[in-house]
Amino acid sequence: MKSFKTRWQITHNWQLIFPFIGILSLLFSSYLLSLAILSKFGVSNNYIIITILTIVLTYLLLHLTLKIFNKLEPKWQVTYRWELITIFIVFAITGSSAARLSDPVMEFISFSKGNTNPLLYWFLRILILFPVYQALLLLFGWLFGQFKFFWSFEKKMLRKLGFARFFKEK
């Protein structure tokens, strides 16, 4: 445990919550992927195969995530390595939440897949999703103690999209 804390630069025990949530998220994602993959082959009730595939997928996703961390750590310039996990969690929660919120908003303004041209529907959904995602990213970033990182991230992204005049640095 001491080497784990050292590797992730964890200085207080409460910071262990982020790797714990990250691993639980990987396990849950792997489980859902296993169910989706096996349902394509008509295997849905074999718990041994589901468990084995979940473990294999968790290992592969963990390996991929750690490689991504190594690439992003110098680029994002975080103070502690455990903050990378927090940032990934914020991105995951924000993406899922924004996608979930866009459906009711689309229905509220009377656009659904059934009564709208698919190109118009997806264009409007993305148009609605974009500001919702930006606001949620800042909200969840603040809740997880990473507001400074996400505010900087937002400003960079909006500058690239042509909104530089709104974010002049002093």
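Predicted model: local features only at pLDDT ≥ 70, side-chain atom pairs only at ≥ 80, totals over all residues.
**Entry 1: two helices meeting**

I began with helix H3, residues 47–76, and helix H4, residues 82–108. Their axes are 10 Å apart, and the helices pack at an angle of about 105°. Angles of 65 to 115 degrees count as roughly perpendicular, so H3 is roughly perpendicular to H4.

Next I looked up who touches whom. On the H3 side I noted Thr-65, Ile-68, Phe-69, Leu-72, Glu-73 and Trp-76. Across from them, H4 brings Leu-84, Ile-85, Ile-87, Phe-88 and Phe-91. Sorted by class, this contact has nine nonpolar residues, one polar and one charged.

**Entry 2: the length of H4, and what follows**

With 27 residues at 1.5 Å a residue, H4 should span 39 Å. I found its end C-alpha atoms 40 Å apart, which agrees. Just after H4, I came to Ser-110, which takes a positive phi of about 65°.

**Entry 3: aromatic rings**

How many aromatic pairs are there? The count I have is 15.

Tyr-80 and Trp-82 are stacked, with 15° between the planes and 6.2 Å centre to centre. I checked how open each one is. Tyr-80 has 32% relative accessibility and so counts as partly exposed. Trp-82 has a relative accessible area of 6%, which means that it is buried.

Tyr-121 and Trp-122 form an edge-to-face pair, 5.2 Å centre to centre with 85° between the planes. Here Tyr-121 counts as buried, because its relative accessibility is 4%. Trp-122 comes out partly exposed, at 40% relative accessible area.

I also noted a cluster linked by ring pairs. Its members are Phe-69, Trp-76, Phe-88, Phe-91, Phe-149, Phe-150 and Phe-153. Some of these names were already in my first entry: Phe-69 and Trp-76 from H3, with Phe-88 and Phe-91 from H4.

**Entry 4: a loop residue**

Last, I went to the loop between helix H5 (118–143) and helix H6 (147–160), where Gln-146 lies. Is Gln-146 buried or exposed? I found a relative accessible area of 7%, so Gln-146 is buried.

Then I asked which residues Gln-146 is in contact with, leaving aside its neighbours within four places in sequence. The list reads Glu-83, Thr-86, Ile-87 and Gly-141.

Methods. Residues numbered from 1 in each chain as written. Heavy atoms only, no water. Axes fitted to C-alpha atoms, helices over the stretch in contact; angles between N-to-C directions. Helix = DSSP H or I, 4+ residues; strand = E, 2+ residues; numbered from the N terminus. Parallel < 35°, antiparallel > 145°, perpendicular 65-115°, else oblique. Contact = heavy atoms within 4.5 Å. Nonpolar A, V, L, I, M, F, W, Y, C, P; charged D, E, K, R; others polar. Phe/Tyr/Trp six-rings, centres within 6.5 Å; stacked < 30°, edge-to-face > 60°. Buried < 20%, exposed > 50% of the residue type's maximum accessible area, 1.4 Å probe, protein only. Expected span 1.5 Å × (residues − 1).
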